[in-house]
Amino acid sequence: MEFADYRRYSFGDDPRSLDWSAYLRLGKLFLKIYETEQHIPVRILLDRSESMAFGDEGESKFLYAQRLAATFAYLALLHLDTTAVIPFADRLKKPLVVSGGRDRLWPVLQFVGEQSCGGTTDLFASVKEFMSSFSTRGIAILISDFFDEAGCERAVEMLRSAGHDFVLLQIHSAEEQHPIAAGELILEDAETGAQRTVECSPQSTALYERRFQEFSARLRRLAIRNGGRYARAVTNIAYQEFVLRSLRGGQVLA
């Protein structure tokens with residue numbers, strides 16, 4: 001309860017809220033008006049699928065995502081919000097739910113640090129399972145590389161229909177945006193094992209970079225169109241810098 005304002009006393013008002021010091025000064029009865037601070041549950045969905053293990057110079061997307069998940073959990077706990085960290089790939093793993101302020105951060109750090117990558121990405125199935133376990137409305141921060149675009153679209157529509165305030169937080173490496181390999185390559189899907197032979201020329205690389213930018217732009221439009229927010233983090237930028245910039249711009253936590 002936080003003090004908000006005064007108003008004149010009317011017959012039938014609760015006398016326990018009378019400000020007697022104001023009565024002694026002014027000879028009139030005033031009530032103190034209070035507001036109850038609302039605590040909103042914050043749910044952080046952390047993509048732990050195999051594709052998140054990729055990264056530049058030892059900084060995997062998953063390590064970056066773990067740091068962001070811990071940071072946003074800490075910020076939520078500062079506001080005494082109930083916080084859940086929910087790892088997922090093709091389905092949810094057992095979540096961690098904590099509340100009670102920043103003193104509860106240590107269990108979050110332990111839990112996040114114990115997670116590892118594995119499995120394929122199924123955003124729709126994971127969000128559907130999330131909806132059945134967390135039915136009350138709140139803030140959902142979805143941290144992923146979103147390499148399941150069709151599933152993402154259906155997942156976002158579910159979050160919107162349920163009234164959640166959601167954020168799509170796209171994580172990618174610098175090389176995923178600007179590949180440096182050249183020549184004939186055999187590429188293997190990290191999640192399915194499927195292989196494809198490709199020729200990396202300057203022209204094909206430029207085309208790939210345009211397609212990647214279009215992919216990110218579609219994610220942003222998807223979030224905004226459904227009333228959510230979108231932010232993009234690149235692993236070669238310090239996560240502290242990303243957090244400060246995104247907070248200032250209201251991209252993640254308004």
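Reply: A pocket is an open set of points on a 1 Å grid over the protein atoms alone, with protein on both sides within 12 Å along at least five of seven lines. Points are joined across faces, edges and corners, and a volume is the space filled by probe spheres set on them. This is a predicted model, where local features need pLDDT of at least 70, side-chain atom pairs count only at pLDDT 80 or more, and totals for chains, interfaces and linings use all residues. Residues are numbered from 1 along each chain as its sequence is written, and side-chain values use heavy atoms, leaving out hydrogens and water.

Me: How much space lies in the largest pocket?

Reply: Rolling a probe the size of a water molecule over the atoms shows where empty space is left. Here, the largest pocket holds about 1400 Å³.

Me: Which residues lie nearest the centre of the largest pocket?

Reply: Lining residues have an atom within 4 Å of a point. The largest pocket has 32 of them, and F147, E176, L187, E188 and Y208 lie nearest its centre. Two or more lining residues come from each of α6 (174-177), β10 (183-188), β11 (195-200) and α7 (202-225). Helices (H or I, at least four residues) and strands (E, at least two) are DSSP runs, numbered from the N terminus. With eight residues, α7 gives the most to this lining.

Me: What classes of residue make up the lining of the largest pocket?

Reply: Sort them into nonpolar (Ala, Val, Leu, Ile, Met, Phe, Trp, Tyr, Cys and Pro), charged (Asp, Glu, Lys and Arg) and polar (the others, Gly among them). The lining has 15 nonpolar, 12 charged and five polar residues.

Me: Now the whole chain. How many helices and strands are there?

Reply: The protein chain has eight helices and 12 strands.

Me: What radius of gyration does the protein chain have?

Reply: Take the radius over C-alpha atoms; the globule rule is 2.2 Å times the number of residues to the power 0.38. A compact globule of 254 residues would come near 18 Å, but this chain has 23 Å. Along the principal axes, the C-alpha atoms fill roughly 90 × 35 × 35 Å.

Me: What share of the 254 residues is buried?

Reply: Buried means under 20% relative accessible area, exposed over 50%, and partly exposed in between (1.4 Å probe, protein chains only). Buried residues make up 43% of this chain.

Me: Let me try single residues. Why does F146 count as buried?

Reply: F146 counts as buried because its relative accessibility is 0%. Find F146 in the loop between β8 (139-144) and α5 (149-161). F146 is not a glycine, yet its phi is positive, about 60 degrees.

Me: F30: buried or exposed?

Reply: F30 is buried, because its relative accessibility is 18%. F30 sits in strand β2 (residues 30-35). Contact means heavy atoms within 4.5 Å. Not counting residues up to four places away in sequence, F30 touches Y6, R7, R8, Y9, S17, L18, D19 and A22.

Me: Where does R104 lie?

Reply: R104 is in the loop between β7 (96-98) and α3 (105-114). At 36% relative accessible area, R104 is partly exposed. Its contacts, leaving aside neighbours within four places in sequence, are L77, V98 and S99.

Me: Which helix holds S132?

Reply: S132 is in helix α4 (residues 123-133). S132 is exposed, because its relative accessibility is 59%.

Note on methods
1 Å grid on protein atoms, 1.4 Å probe; cavity = no way out; pocket = protein on both sides within 12 Å on 5 of 7 lines; lining within 4 Å.
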